[in-house]
Amino acid sequence: MTTIDEIQKRRTFAIISHPDAGKTTMTEKLLYFGGAIRDAGTVKGKKTGKFATSDWMEIEKQRGISVTSSVMQFDYRGNRINILDTPGHQDFSEDTYRTLMAVDSAVMIVDAAKGIEAQTLKLFKVCRMRGIPIFTFINKLDRQGKEPLELMEEIEEVLEIESYAMNWPIGMGKEFLGIYDRYNNRIEQFRTEEQDRFLEIDEEGNLVQDHPMKATSYYQQALEDIQLLSEAGNDFDVERVKKGELTPVFFGSALTNFGVQTFLETYLDFAPKPQPRMTADGEIVDPATNEFAGFIFKIQANMNPAHRDRIAFVRIVSGEFNRGMNITLARTGKSFKVTSSTQFLADDRETVESAVAGDIIGLYDVGNYQIGDTVVGGKKAFEFEKLPQFTPELFMKVTAKNVMKSKHFHKGILQLVQEGAIQYYKTLHTEDVILGAVGQLQFEVFEHRMKNEYNVEVRMEPIGSKVARWIENEEDVKESMTSPRSMLVRDRYDRYVFLFENDFAMRWFQDKYEHMKLYNLL
Ligand code: G4P
C-alpha cells in the first residue's frame, strides 16, 4: 500500500464531553469494535483496579479522573482510527483545547438527562473556530432523560450550531424500544439479538413488517417527531457538516452497547480524512503530496512511573514517518535521527516503525521540544501556523518554600511552562512568579510535579481570578495605569499583560484610557 493510500485510511478525532456523560464507556466500546481491547472495561481503571491508558499520573489516580489526553488507535473496516481522549473534568486544562488542534473532527457525547453543560461550550467554540466537523452522540437513552426534541433545540441554541438527527429514539428509559435510523432506513431494536435487531422501513417511513412495536405510542411519537423534523428541521448537507456548521446527531446507550456501532459506521461515512494545514507563511501543506512534517501539540512527562521520560506528541500533517529517519526541529534548525518513537495503543505503548499523516506519534524528549514546534523530514524547514494560546482565568503567585532551592524551582517552572502545563507571568520590578491556568487542576498538577520531579516544594498564593488582556500598542503602556484592580505583568514572551480584577475593572480602565488597545487570546 502506498503512503497516499495509507493516509486516505486515517480518521483522527477527539471525543469531548462533560464528566460522566459516558466518554470512557463510549471509547471502550469503540476500541472493542476495533479489536483493540478484548473486553470493554479495560480502559477505565476506576472500577477494575487496572490502570487505564489515560490514568498515567499519580494525581489522576488519586482523583480518579483523567488529567491528560491520551491517544488510542484501532482499525475498523479498512479505516485506521486515531481517537484522542480529552479530560472532561471541570478542572480540565489547556491541554484539552490544544488536543482539538490535532484532530480533523470531534465527537461530542451528551448525557440525555443533562443536556449541554457549561464546559462543552468552550470546547465547542474551539471546534467552531477551527471549523472542524462535530458529531454528536446523545447517550444514556436506557434511562429517562430530556425529550429528544428539547435536546436538539438545546444543541442548536446553546452551541449555535445546526443539527440533523441521523436517528431518533423510540421511547426512552424503561420504555426504550430502539432507534429509528433515518440514515440507514431501518429500525434498530434495543436489547435484541444481533440477527433480529434490524427492521426495515418502507419508502413512506413505516415499518415494513408487522411488529408489536407498531402498536406502541412510542413508535407513533417517533414517527410524528420525524415527520416534524423532515418538514421543519434542517436538511442533511455534507458540505455544512464538513465546515462544522451542522452536527449530525445520533442517539444511543454506550453502556448497553446500543447504537454505538451504527454511530461508528455512519460517522466513518462522513468523517474527514487528514486535512491540510497552513504554514506560518500562509502556505498550505497537503497531507499526501508533501514530505514528513508535523507539529507538537502536547508534551507529557512521566506517563509511566517506570520510565522517567517526557514524550512530545506529534500530529503528523503530511507524508510518512519512519523510525531512524532524520528530522529537523524547525525552531532551532537542528537535525537529528529519531531512533525511538512510540505510538499509543489501548493497553500499552509500543514502538512505532512507521506512521503517516493523520497519525499521532510520541517522540522521546529530553527537553528539546516545545508546544507548537514543527518537525520536518524534508530539506526545507518551515513552521506551521502557531497554535493558539488560551487566556487563563486563574492566577497564583508561587515561590519556593526553601529559598535554597531557587535554581531547581526556576528550572522546573521553565520546563513545565515549555510543556504548556501552565502559563508563566512575572511582576515588573520584583519579578515575582505568577502562574496562570484555565483550570484549577493545572495548579495541582504543577505543585505535584514540582515536588516529585524537581524536588521543590512550592508555596502557592491564590490571587484569584482575573481578566487578562494583552496590549496592541505596548509602547503606550505606562506604569501609572496600574492600580490594585489592574495589575501589570509580563508574559513568558515579555509582552505586557494587564490582569484586571473583573470585567468591571477592565471597562473602567478602557473608559479612562481609550487609546489603549486591549485584546485577549482565545
Ligand atoms: P466519562 O468518561 O464521560 O466521565 O463517563 P463514563 O464513561 O465514566 O460514564 C459515567 C457513568 O455513566 C458511569 O457510571 C457509566 O457506567 C455510566 N454510563 C455510561 N454510558 C451509559 C449509558 O448508556 N447508560 C447508562 N445508564 N449509564 C451509562 P458510574 O456508576 O458513574 O461509574 P462506574 O462506577 O459504573 O464506572
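An open sheet of eight strands runs in the order S27-S24-S26-S25-S29-S30-S28-S31, with antiparallel pairing. Strands here are DSSP runs of E with at least two residues, helices are runs of H or I with at least four, and both are numbered from the N terminus; two strands pair if DSSP finds at least two bridges between them. The model is predicted: local features need pLDDT of at least 70, side-chain atom pairs count only at pLDDT 80 or more, and totals for chains, interfaces and linings use all residues. Residues are numbered from 1 along each chain as its sequence is written.

- Strand S27 (458-465) and strand S31 (518-519) form the edges, each pairing on one side only.
- Strand S24 (residues 394-400) runs antiparallel to S27 and is joined to it by seven bridges.
- Within this pair, Val 398 stands opposite Met 460 in S27.

**The ligand shell**

- The ligand is surrounded by 18 residues, the closest being Gly 22, Lys 23, Thr 24, Thr 25 and Leu 255; a residue is near a molecule if its C-beta atom, placed from the backbone, lies within 6 Å of it.
- Helix H2 (23-33) and helix H3 (45-48) are the elements that give two or more residues to this shell.
- H2 gives the most, with three residues.

**Helix H2**

- Ten of the eleven residues of H2 are buried, so the helix is largely enclosed by the rest of the structure. A residue is buried if 20 or more other C-beta atoms, placed from the backbone, lie within 10 Å of its own, exposed if 12 or fewer, and partly exposed in between.
- The buried residues include Lys 23, Thr 24 and Thr 25.
- The buried residues of H2 pack against strands S1 (10-17), S2 (71-76), S3 (79-85), S4 (105-111) and S5 (134-139), and against helix H10 (260-270).
- Just after H2, Gly 35 takes a positive phi of about 75 degrees.

**Leu 207**

- Leu 207 lies in the loop between strand S10 (198-200) and helix H8 (217-232).
- With 17 other C-beta atoms within 10 Å, Leu 207 is partly exposed.
- Leaving aside residues up to four places away in sequence, Leu 207 touches Ile 187, Leu 199, Ile 201, Met 213 and Lys 214; contact requires C-beta atoms, placed from the backbone, within 7 Å.
- Leu 207 and Tyr 219 are twelve residues apart in sequence and 9.8 Å apart in space, C-alpha to C-alpha.

Methods:
Contact = placed C-beta atoms within 7 Å.
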